[in-house]
Amino acid sequence: MKASSLNIAELIQFSPGFVGIQGRRLLIHDLSSLSQFRRDLIESIGQNMARRILTRKGLFWGQADSAGMQRLFNWKDKNEWMMAAVELIEIMGMAKAEVTKLVLEEKTIEIEIQCTDSVEVEQHQIEFGISSNPVCWVMAGYLSGYASYCLGQDIYFSESQCQGTKASNCAFIGKNLSSWGNAINLELPFFFAEDIQKKVRQLTSRISEQQRELAKKYKLLKSVQKSSDSIGIETRSKAYRNVLDLAYRVASFDTTILITGETGAGKEVLARRIHEISNRSKYPFLAVNCSALPESLLENELFGHKAGAFTGARNKEIGLFEAAQQGTIFLDEIGDISLATQVKLLRFLQSKEIKPVGETKPQLLDVRIISATNLDLDMLVKEGRFRKDLLYRLRVLQITVPPLRERPDDILPLARHFLEKFQHKLKISSLRLSTDTVDLLLNYQWPGNVRELENAMEHAAILSTDGLITPESLPGAISGRTASFTSSQGQKSLKQIETEHICSILEQTAGNRAETARILKISESTLYRRLRSLNILEKNINRW
Ligand SMILES: [Zn+2]
């Protein structure tokens with residue numbers, strides 16, 4: 001039997017309810033519905049998966065036709081059996097086709113088939129128009145299935161050009177794997193089934209993994225934002241809400257602001273927030289505690305010095321004012337600066353000029369000053385310890401931060417805010433307040449304000465058992481344990497009790513001696529003498 005002898009009329013059988021080709025049933029099918037099916041397939045599972053399914057449809061079809069041809073006829077040789085494929089392609093209306101090259105050798109197999117008027121080109125064009133890649137996927141599968149069955153080894157056909165891309169004809173090249181080498185690698189997957197369920201499972205697990213990572217990152221981000229978020233800036237109390245409103249309103253006016261309020265009430269936090277919402281937010285916010293440094297060092301810190309300005313000043317050093325250029329400088333405890341430094345500060349406020357130590361030429365700077373104090377500056381003016389003209393310039397606007405005991409609504413939210421912070425910092429799984437702790441926190445007077453609350457929560461977090469903050473885990477001043485001299489404390493000497501009491505107040509005020517002296521109702525110099533005589537200073541020199 002020769003391929004060219006195949007006759008359509010002989011092959012196709014028609015009878016009611018049955019169309020066949022030599023006993024095998026065929027289905028005459030409307031093309032437009034196939035085109036729509038192809039579109040649905042591509043749109044629902046994507047082009048690659050659709051191509052895979054259609055290629056495999058062709059593969060099974062080609063295998064079945066090849067087997068049918070083998071059963072029906074006695075072929076002169078494999079070449080004729082192979083060439084019968086193009087006759088079938090034409091008989092079934094898939095395309096006009098011809099074999100243009102046929103090399104069937106032991107090691108080398110190379111078949112070239114050219115087609116025109118492919119039914120798939122038409123299908124694809126009806127739905128999608130001109131394509132950028134070959135579209136005869138069923139045909140490539142059909143030829144591969146037919147040839148593989150006929151030649152007894154895996155043959156893969158690739159469409160090298162296609163009328164669907166506006167080429168003059170479609171061309172298919174078929175080779176065995178060894179003849180293809182790596183050139184077929186990209187197309188090979190289209191001939192194999194893929195377990196879509198498995199793929200979906202893999203994708204689902206990848207998505208949930210990414211979601212977990214995102215959640216982790218988001219949580220991290222949230223905690224970073226929270227920790228940088230100012231302590232006590234969120235508020236439920238009306239008194240503090242008014243303070244914030246005022247701060248928001250004045251932030252963008254470039255005036256000096258004096259923030260007053262007790263130690264630990266959150267004056268620096270407020271200053272920082274004003275800077276953040278001002279037009280200077282892109283530039284530095286630098287804070288300095290004026291009471292922490294002796295006069296000579298403070299001046300150097302603020303204004304810098306020229307090289308050789310004094311013994312040990314080998315290099316020029318810029319001061320905080322210069323470093324804060326275009327930003328904000330926050331001068332805490334402004335009431336503690338010396339009269340000499342006050343003069344320099346006044347000079348800056350009048351002329352925007354500073355003169356580094358040892359320098360003769362003044363330097364022009366643009367820096368906003370926000371200062372803060374817990375002292376009565378008017379009183380200091382009366383006593384001659386603070387310049388009146390400087391006070392007026394610093395206090396163009398005054399904001400008073402209320403002490404924590406005047407905004408009790410904020411105590412618990414703040415306590416929980418700090419617990420959350422220490423939970424992250426100390427890596428404790430969850431920290432919560434017991435009901436008696438809540439009572440204690442609400443009834444305590446908080447002389448050290450927000451800072452004391454923060455310190456107390458850190459103290460309690462460290463001493464908590466299983467994350468529960470009980471009265472026992474709070475500092476003695478809050479739980480009332482040091483205040484009540486029970487029998488167990490009866491053994492202590494007066495010196496011990498005095499030491500503990502002073503230390504606990506220093507703890508509350510974060511080492512602020514002026515504030516400690518005020519609470520103890522003694523002068524600062526008396527406090528200093530007591531600290532010396534009780535050896536507190538030596539022991540805690542690094543702490544306070
Ligand atoms: Zn094509």
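This is a predicted model: local features need pLDDT of at least 70, side-chain atom pairs count only at pLDDT 80 or more; totals for chains, interfaces and linings use all residues.
Residues are numbered from 1 along each chain as its sequence is written, and side-chain values use heavy atoms, with hydrogens and water left out. Local features need a pLDDT of at least 70 and side-chain atom pairs count only at pLDDT 80 or more, whereas totals for chains, interfaces and linings use all residues.

The protein chain has a mean pLDDT of 85, and 91% of its residues reach 70 or more; pLDDT is the predictor's confidence in each residue, from 0 to 100. Over residues 220-232 the pLDDT is below 50, and this stretch has 14 contacts in the model beyond near neighbours in sequence. Residues 483-490 also have a pLDDT below 50, with four such contacts. Contact means heavy atoms within 4.5 Å.

An automatic or database domain assignment gives domain 1 (3-194), domain 2 (238-402) and domain 3 (406-539). The C-alpha centres of domain 1 and domain 2 are 85 Å apart.

The zinc ion has as protein donors Cys 136 (SG), Glu 159 (OE), Cys 162 (SG) and Cys 170 (SG), at 1.9 to 2.3 Å. Donors are N, O and S atoms within 2.8 Å of the metal (3.2 Å for Na, K and Ca); water is not among the atoms, so sites may look incomplete. The angles between the four donor atoms run from 97 to 118°, so the arrangement is tetrahedral, a term that requires all angles of four donors to lie between 85 and 135 degrees. In sequence the donor residues follow the spacing C-x22-E-x2-C-x7-C. Cys 136, in the loop between helix H5 (119-128) and helix H6 (137-151), and Cys 162, in the loop between strand S6 (155-161) and strand S7 (170-176), are 26 residues apart. Helices (H or I, at least four residues) and strands (E, at least two) are DSSP runs, numbered from the N terminus. Cys 136 and Cys 162 are both buried, meaning under 20% relative accessible area (1.4 Å probe, protein chains only).

Phe 190 lies in the loop between helix H7 (177-180) and helix H8 (196-228). With a relative accessible area of 11%, Phe 190 is buried. Leaving aside neighbours within four places in sequence, Phe 190 contacts Asn 48, Arg 51, Arg 52, Thr 55 and Arg 56.

In helix H21 (residues 513-520), the residues Glu 515, Thr 516, Ala 517 and Leu 520 are buried. The buried residues of H21 pack against helix H20 (494-508) and helix H22 (524-533). After H21 comes Lys 521, with a positive phi near 60°.

How values were computed: Buried means under 20% relative accessible area, exposed over 50%, partly exposed in between (1.4 Å probe, protein chains only). Four donors count as tetrahedral if all angles lie between 85 and 135 degrees; four count as square planar and six as octahedral if opposite donors are over 155 degrees apart and all others between 65 and 115; anything else is irregular.
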